[in-house]
Amino acid sequence: MSGVLIAVAALLALAAVFGAVLGFASEKFKVEGDPIVDQIDSLLPQTQCGQCGHPGCRPYAEAIAEGEEHNRCPPGGQDTVVALSELLGREELTLDDEGAEDANVAKVAYIREDECIGCTKCIQACPVDAIVGAAKLMHTVIVDECTGCDLCVEPCPVDCIDMLEVKPTLQTWGWQRPAGIGERPDSRIEVVNL
Amino acid sequence: MSQAQTDKAQKPRSIFARLASGMRRSATPAGKIHDFHGGIHPPEMKHLSNGTPIMAGPLPQQLVLPLNMHIGAPAKPLVAPGDKVLKGQMIAEPVGAVSAAIHAPTSGTVSAIGPRPIQHPSGMDAVCIVIDTDGEDQWIEHQGVTDFTEKSPAELVDIIRHAGIAGMGGAGFPTSIKVNLGDHQRVEQLIINAVECEPYITADDRLMRERAEQIVTGIHILQYLLNPRRTLIGIEDNKPEAISAIKRACKGCDIEVRVVPTKYPSGGEKQLIQLLTGKEVASGQLPAQVGVVCQNVGTAYAIKRAVCDGEPLISRVTTLTGDGVSQPGNYEVLLGTPVRDLLAYGNLAGLEIGRLVMGGPMMGFTLHNPAVPVVKTTNCIIAASPEELPEPPPEQPCIRCGSCAEVCPANLLPQQLYWHAKNDDLEKAQHHNLMDCIECGACAYVCPSHIPLVQYYRYAKAEVRQQAADQLKADKARQRFEARQARIEHEQAEKEARRQARLEANRKKKETGPAAASSVDVAALKQASLDASKAYKAAVKAAKAAEADGADNVAELKAQAESLKAVADQAKAAVRDAKDGSPVAAAPAEDTVAKLKKQVGEASSAYKAAVKAAKAAEAEGADNVAELKAQADTLKAAADALKAELRDAKANAPAASAPTTQVDPVAELKKQVGEASSAYKAAVKAAKQADENGDDNAAELRAEADRLKAIADQLKAELRDAKASAPATAAPVTAPATAKTDPVTALKQQVGEASMAYKAAVKAAKQADEEGADNVAELRAEADRLKAIADQLKADLRDAKAAAPTVPAPTPTPAAAPPAATDRPAVTEEQAPQSLTEVDPEQAAKRQKRLKGLKTAYNMAHKQYKEAHAAFERAERNETASADELSAMQGKIDKLKAKADNARDALDALIEEAKADIRAHTGKDLKTLKLEAARAESALADKQQELEQQRSSASEDTLEALSSELQALESETQIARKALKQALEEQGLAE
């Protein structure tokens, strides 16, 4: 009988010790913020376009972490949806792009500078500060910084902003994937001239 | 097995033994040829072109020189279309470190700088300098270095850089960088790559056979620059003539010729290094990191030409071969020669060409356009007949035979790479060292399924690079986005802080509101003191008239005047006290002290004069004792009232900071009304008495009485207004409650009063005229003054009416919005302005700035709102926007309107504040100030006139009194003018 009591007492003591250690550890090594948000954010394409209904990629990442569906990123495409599904262990959804333009075509905003009236509305709309200009002065897009989110197009009162396709240059050109089994490899090399 | 065992057995030796063995190995003169993994033996096909000596290339009509013939930044053109260029002239300079210059290969004219097809597998165009040749081939002045050892390495590097030399083997890396490694980098081995392992190509072979001496000179220059411990030349054993030529040329110098077995791709940089030194260049490393520098034999030749002959890189030896060429061989081709021209030169028979390949058959690419020029890296042009290089057969499924892995010179697993590339599994492909693939094509050559493996790897590599670029861009975008968010938050926080500060300031102001109320008290006191001084002046006037008429109550009147003056002075003092007590006037208190002293002096002198006059009257035994007594009583009552007010003001002032001690303005007004009506009654009584006595100044006294009545009436009206707006005063108002009444109505009232006063004055003047009184002129002048005041008021009223529709506009005219137009009535009697305090100029400037800023803000907001509204209307009219968009626009408009309204409110508040400040500083509002100034001026003019009139007739005492009065009036006028000017300056800002 005393043996049983000793065993119970020992177990209780162990439970108390481990409980204390765990409790201490959970306080001591507390992780600030939600690490999953960073991981989600790193998978998102960072166009900051707001097409998901959030003002930027990070807010969307936070929303996904809180349970929002992860298929609302048209610039990221289906690849991003798949990657997010893997990360979160959620069901693989199809991209909810609601008639969004082909995300695979890289685009960049272009201001027809003759028509620009210098209203600064596009500057305010740009999430990455990629438009330079001042009130009453012509604006222009810093092409290298533009993410092609097209948020500047709608606010323009004179519709002088176009979304142009980014043409490949000698530096950005890359070989195409061979067509695959049954195809001759050379037949697919397209000649693209600037 | 036994060999391995022996190796193992030898392993545990002393460190000295190992060192000795290493020394022995490196000392071996013949040099061991190592081996690398894999490799293939394709048909060499070199016999086609290696039989004939190097021939001069064609001189085409046009040369096309791409700005990026090399790896790195495109060169920057130095010429413009239309420029004449000479052979060897630099036409484009290097930009940045990794770049190379471009020179005109022959003399001619630059005809264009623009996009032309270039040597790129994409078939894309790039910017080229096009030279129309003139056929003269005229050299620019050039001179070589006779002894390069006299030059410093830096100078030689500069010569190489400006000669535009880039790696001639195929990659085109600028040579000047490879030969300028810096002192810290010790070069163990300089390897000259003369392997030329690709089939068909014989350019280096022929070059070595024919120009071995020059090549060796070039190698000596490289040795001088790099100072290597050993120099090795690697040549494949299928070029025996080249080997013997080079060996001959190298006789007697420290260059070792190493013959390597024929195997593709021995000419790969890393493979050759492994072959000759046994060192492996690790993944991601550069040869220089293992102490090796590799240069192509053609590059060595180009360096010799540049340094010793002063000729920049303008031509190269290119193999033109294939079954489609009737005269295959090696040509010294000018850079920029279109392949078309070269073919026309070497294909005299006009054979059919199936495929045109630039570079070798293994690593070259198919040309889609024969206009592509020969560039610095073009070592071979293969014009193959259709049978020679047939269309590749279709891709078949991978059978996992593993042949590709056997031949891979980079020790990779091509099959795995293929699977991962095919499935876009780039991460796994990279784990299998995709980026170490040298794209030699050996795997594809041996693949029984004809899988275009190299193309898969190239595709995967491009994707990896693209993803890296995208990631970089995404990171940058995220940084920019976060920076922007932070900035916006910061701005908002600042705005909020400013707003809070403003609220705080407003609250403070509200707390000091009672001070404003006490300033109302001050204003009331001032009014009282004004009234008193008015009465005094009227009395003085009457006394003078009586004196002129020789009436017997002169002394009495004088005494009365003096006592009135005393009362007025007391009132003034009371006003001053009240001001000193109120926090608003605390700052200018110092200024008032001087004035106070002066006035005290004046008051005491006046008092003495009054005592003197009273004594004189008593001595004369004048008969109007009763009247005097009555006057004295009235004066005493007035004095008492003033004293009581003073007490109140004094009591109020210290407690002013407490919000509860707000004095009821209605009660104040009531008191004033009582005083005014009692004064009026006294005046009427005096007039009656004068009438009874048959005094000449009865009319004047009556006019005086009328004036007093007008004052009383006005005060009553004010009282009514105050009572009407009393509930409003209960609220914590900063401005007087009456400010809320319509300024136009107020002005109307004032105009009515003024014209009434004017009529009364005219009437009095007429009466005096009829009675033949002496002071008719004076009365008329008074009437004129009143008329002027009335006219001014009318003009103001007009302004106000004109401005009335735009009252909500941001910039109301001063007439439209005097907030307290009714709280200080336009008095119809001349008014002596009270001591005025200075307005803080700094504050005024600050306010001016704020007003300007607010105005701009409002204007912008209003404009934006207008624009938005116009856009909305346009959209609505044209039906270009959907309902949602319209509502969104409407929302925006509303927001903008609210913004504009806010800006306007702030502006109005500021204007109000300015006015309140004027009031606080002067105790009056702007209108009163204007009127006071006008009155003071006319009073001054009158007094001057009077003085001139009496100069001859009146006694010395009178003159003295008059001149002192004049002085006082002058100073008052000046003060009034100054106050008006200051007030206008402040107010003017709003206009």
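What follows is a short chat about a sheet, its helices, the chain contacts and the cores.

Mentor: Keep in mind that this is a predicted model.

Trainee: OK. In what order do the strands of the open sheet in chain B come?
Mentor: The order is E11-E10-E9-E12, four strands with parallel pairing. Strand E11 (255-260) and strand E12 (292-296) of chain B are the edges, each pairing on one side only. On average, neighbouring strands are turned by 25° against each other, direction ignored.

Trainee: How many bridges join E9 to E12(B)?
Mentor: Five, with strand E9 (residues 189-194) of chain B running parallel to E12(B). Ile191(B), for instance, has Cys294(B) in E12(B) as its bridge partner.

Trainee: And which strands does helix H8 of chain B touch?
Mentor: Helix H8 (residues 297-308) packs on the sheet against E9 and E12 of chain B, at about 80° to the direction of E12(B). Helix H6 (residues 240-250) of chain B lies across E10 and E11, at about 165° to E11(B).

Trainee: Switching topic: how many residues of chain A are in contact with chain B?
Mentor: 30 residues of chain A, meeting 30 residues of chain B. On the chain A side, 14 are nonpolar, 10 polar and six charged.

Trainee: Which residues have the most contacts inside the largest nonpolar core?
Mentor: Ile246(B) and Leu453(B), in a core of 125 residues. Helix H5 (residues 203-226) of chain B gives the most to this core, 11 residues.

Trainee: What does Leu453(B) touch?
Mentor: Beyond four places away in sequence, its contacts include Cys404(B), Pro414(B) and Tyr418(B).

Methods. Residues are numbered from 1 along each chain as its sequence is written. Chains are lettered from A and ligands numbered from 1 in the order in which they are written. This is a predicted model: local features need pLDDT of at least 70, side-chain atom pairs count only at pLDDT 80 or more; totals for chains, interfaces and linings use all residues. Two strands pair if DSSP finds at least two bridges between them. Helices (H or I, at least four residues) and strands (E, at least two) are DSSP runs, numbered from the N terminus. Axes are lines fitted to C-alpha atoms, for helices over the stretch in contact, and angles run from 0 to 180 degrees between N-to-C directions. Two residues are in contact if their C-beta atoms, placed from the backbone, lie within 7 Å. Ala, Val, Leu, Ile, Met, Phe, Trp, Tyr, Cys and Pro count as nonpolar, Asp, Glu, Lys and Arg as charged, and the others, Gly among them, as polar. A nonpolar core is a set of buried Ala, Val, Leu, Ile, Met, Phe, Trp, Tyr and Cys residues joined through C-beta atoms within 7 Å. A residue is buried if 20 or more other C-beta atoms lie within 10 Å of its own, exposed if 12 or fewer, and partly exposed in between; C-beta atoms are placed from the backbone.
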